[in-house]
Structures are given as C-alpha cells and as structure tokens.
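Welcome! Take a moment to look over the sequence and the 3D structure, and then we can walk through them together.

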Amino acid sequence: MSGRDRLCPPRRLRRGATLTLVFAGVLAAGAATGSLPEADPNAAAEAARTAAGAGGSADAADAAASAVSRREVARAAAEAMADGTSPVEAAERAVSRSGDRWGAVYSRGEYEELAQALDGRYTGVGLSARRGRDGAIEVTKVRSGSPAARAGVRAGDRLRSVDGEEVDGRPVTEVVSLLRGDATDAPAGTTVRLGLQRGTRAWTETVRRARLSTQPVTVRRLASGASVVRIASFTKGAGDQVRAAVRDTPAGAGVVLDLRGNSGGLVAEAVTAASAFLDGGLVATYDVDGDQRALHAEGGGDTSSPLVALVDGGTMSAAELLAGALQDRGRAVVVGSRTFGKGSVQMPSRLPDGSVAELTVGHYRTPSGRGVDGTGITPDLEIDPARPTAVDRAATLLGGLGR
C-alpha cells in the first residue's frame, strides 16, 4: 500500500467515525474501513472479470462482484448528472442496493476534508462530548487554545443546542456534525452558536470554527519507568511518534500500548508503529480484487522489552491490524476485550461529478492467516477495559513479563 492508503469510515457513519479518528477521542462511536488509492472503476471491473475467468475461485467471484458494483455506482452517478439530479444521492442508492455494508459515497468537499483529517488536521471548535444516560450532551474535554477554550467552555458543561437546534437525545455523531457544519461544508472562520448550561446558569456563546491539528499519540511514564503509549488514531506521523516513544523508554522497562477506542487511520502509520516493536517480518496480508499482497515491518525495532497491548470493542481496523500482528508474532500480550472486527478493504473511485465512491474490494489477515472482519481480535487475557484500573492491570502484567 502507498502512503495514502488508509483505513477510513463509511459515509453512513462517517461523521461519527471520522471525528473519532481526527478528534482523538471526541466520540466513542463509529467504524473504520481500509481503503486503497483511487482507481478507474471500468479498468478495475475489467481486471476483475479477467481474474474471474482465469481462476473461477470464490475470491475471483467476489472480485468480479465488487467490480460490477463499482461500475454500477459510476453509471448511476453519470445518469443522475445527465438528468440534472444529485449524483451523490444516486450513487448512495446504488451502494445501498449493492449490499456493501461498508460502502460509502463522499461529495468532493467531504472527501477533501477527510483527506485533510487523515493528515492530522480538521475544522472544529475543539471540544469533546458524550451523551449521558439521560440523553444530555456533556462536554468532556476542551482543547487548550481552541475556540471553545477561548470562549470559556469547560469540561462538565452541558451542551444544549447548536445554532438553535436542540441536541438533547441526539447521537453524539450528529451533534459533532452540527458543530463542524458538515451540512454546509462550513470552513474555518465561520461561526457557530453554542447553547450551554453550567449548574443553573444557561447562556449562549458564539465561536468561530478553526483549523486544528490532532494529537494522535500521547505518552506518560509510570513510576516503574515503563511507558503508557496511547494511540488515539493513525493519522500522519503517528507511527514515528510511537517509535520515538519506544526509543525514549528506559531499556527493559516496557510499554503498555493503549489502543482502546482507536478507530483506524493510515495503514502505513500502523505498519510503522509495528516496526517499533519488530525486527522486520510480516505485519499483515490483504487482497484487492483477488490479488494477494503483504505488509512488512522495517527492521531494527525493540524486540526484547516487555509489551502489553490494551484493546476494547472500539479498537478497529488499522488498530486491529497492529494488535493482531503483535499477538501473532508473539511480541505482545493482548489484554482487554474482543475488538470491533473491521477487516475489509475499500477502494475509492472518482465519480463523474468529482464525488468519490468507496466499495469493498477485499480483506486483510493477520500474519498467521486469521481473518479479522466480523470476528475481531480475541485478547490473551480478558479484563474490563473500561475500568479506571485497566491501565494499572496492564502495567502489573507488564512487570511480570519483565521479571
């Protein structure tokens, strides 16, 4: 895969999943998929037909089916353009008919925004939120120096409305979409009105959206000298940040690799992160329209220090690829709960109006050949990853590995 290959979310969950990806913890919902560089749908269809005719295998048949789906989606968009109707909506209907669970259609602007997000940049106000059991939307974190921080918004504040629309009871994905102005592709500099409440005080703040950058990797040192390396997403540069964190950890102290809630990102960054702990070798295999390919780690990683990977049901796609590789290679003890199970690969194709369709073309497997899609990664040791003591338990296990 090239440096632009990535694991990114389908449109129907895009606003939630992409924001999980780029806000590094804004949401706890969404899904991620693997995608490959853009391809001409007609050329891909021809290649798949050739593969099906040559092999006649189930993989070849699946390849032919995915190529036909891409061709049908492109045709639907072209016909809509000719009729003066929405190509994006027509393509979405075609994707829905195809039965591709992870298929997605993006407008030109949405796709450009997604590409920027994967580069570690996004437009927003700099707050994280969650929905409580009573349906209220609570601000959980405010990024320092962000528009929300400058407006005096604090963690614990209740977000009651966005631009006059009440948000109580709405999915957090929709709330963040309103904050970002997804419906109008609102750029940085546009304003958004936040209806807030703190205790008995209710007020409205108008803030300007800004271009912000993510912090995909955070590191903290334990008293033992071990490092807790949390990867919130695999945006650009995350892999090198992981390698730097491992180099800075005292020899033999070990690492707790926290992959909880990581919804994916750039495949190349996940492979680079794997290279921090492996001395070359296989990270994963994947197929694209029946064509088998492989991903390999670079040599020179730390192969001796103890390593524990902490996962949960929100660990998806590229994060599952990393956890599965470290588990299969005997490099890490994986603890937590079973991961999400998103192991399919999507290929983006440019449609006639400039929008982009992404349809499933294959799946990836761990080094031992395990399929991840629909099954996830089963941890070596099951613990409740949501408990505040989860990292402490992982660190205790780490100490045992060291001895």
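This is a predicted model: local features need pLDDT of at least 70, side-chain atom pairs count only at pLDDT 80 or more; totals for chains, interfaces and linings use all residues.

**The chain as a whole**

- The chain contains 11 helices and 21 strands.
- Of its 403 residues, 54% are buried.
- Take the contacts in the chain with a separation of 6 or more: 69% of them join residues 24 or more positions apart.

**Two residues with a positive phi**

- Let's return to Asp163, which sits in the loop between strand S7 (158–162) and strand S8 (165–166).
- Although Asp163 is not a glycine, its phi is positive, at about 50 degrees.
- Ser317 is another residue other than glycine with a positive phi, in this case near 50 degrees.
- You can find Ser317 in the loop between strand S17 (307–311) and helix H10.
- Ser317 has a relative accessible area of 0%, so it is buried.

- The buried residues of H9 are Val267, Glu269, Ala270, Val271, Thr272, Ala273, Ala274 and Ser275.

**H9 against H8**

- Helix H8 (residues 238–248) packs with helix H9 (residues 267–275) at an angle of about 15 degrees, and their axes lie 7 Å apart.
- Angles under 35 degrees count as roughly parallel, and H8 and H9 are therefore roughly parallel to each other.
- Their crossing is right-handed.
- On the H8 side, the contact is made by Ala238, Gly239, Asp240, Val242 and Arg243, while H9 contributes Glu269, Thr272, Ala273 and Ser275.
- Sorted by class, the residues of this contact between H8 and H9 are three nonpolar, three polar and three charged.

**H9 against H10**

- H9 also packs with H10, at an angle of about 25 degrees and with the axes 9 Å apart.
- H9 and H10 are therefore roughly parallel to each other.
- The crossing of H9 and H10 is right-handed.
- Here Ala270, Ala273 and Ala274 of H9 meet Ala318, Leu321 and Leu322 of H10.
- What classes of residue make up the contact of H9 with H10? There are six nonpolar residues, no polar ones and no charged ones.

**The nonpolar cores**

- The largest nonpolar core has 43 residues.
- Inside this core, the residues with the most contacts are Ile231, Phe234, Val242, Leu257, Phe277, Val283 and Leu322.
- Which helix supplies the largest share of this core? That is helix H10 (residues 318–328), with seven residues.
- A second, separate core has 20 residues, including Val125, Ala129, Leu194 and Val207.

**Putting it together**

- Val242 takes part in the contact of H8 with H9, and Val242 is also among the residues with the most contacts inside the largest nonpolar core.
- Leu322 belongs to the contact of H9 with H10, and Leu322 is likewise among the residues with the most contacts in that core.
- Ala273 of H9 is part of the contact with H8 and part of the contact with H10.

Key:
Residues are numbered from 1 along each chain as its sequence is written. Side-chain values use heavy atoms; hydrogens and water are left out. Axes are lines fitted to C-alpha atoms, for helices over the stretch in contact, and angles run from 0 to 180 degrees between N-to-C directions. Helices (H or I, at least four residues) and strands (E, at least two) are DSSP runs, numbered from the N terminus. Angles under 35 degrees count as roughly parallel, over 145 as roughly antiparallel, 65 to 115 as roughly perpendicular and the rest as oblique. A crossing is left-handed if the near helix is turned anticlockwise from the far one by less than a right angle, and right-handed if clockwise. Contact means heavy atoms within 4.5 Å. Ala, Val, Leu, Ile, Met, Phe, Trp, Tyr, Cys and Pro count as nonpolar, Asp, Glu, Lys and Arg as charged, and the others, Gly among them, as polar. A nonpolar core is a set of buried Ala, Val, Leu, Ile, Met, Phe, Trp, Tyr and Cys residues joined through side-chain atoms within 4.5 Å. Buried means under 20% relative accessible area, exposed over 50%, partly exposed in between (1.4 Å probe, protein chains only).
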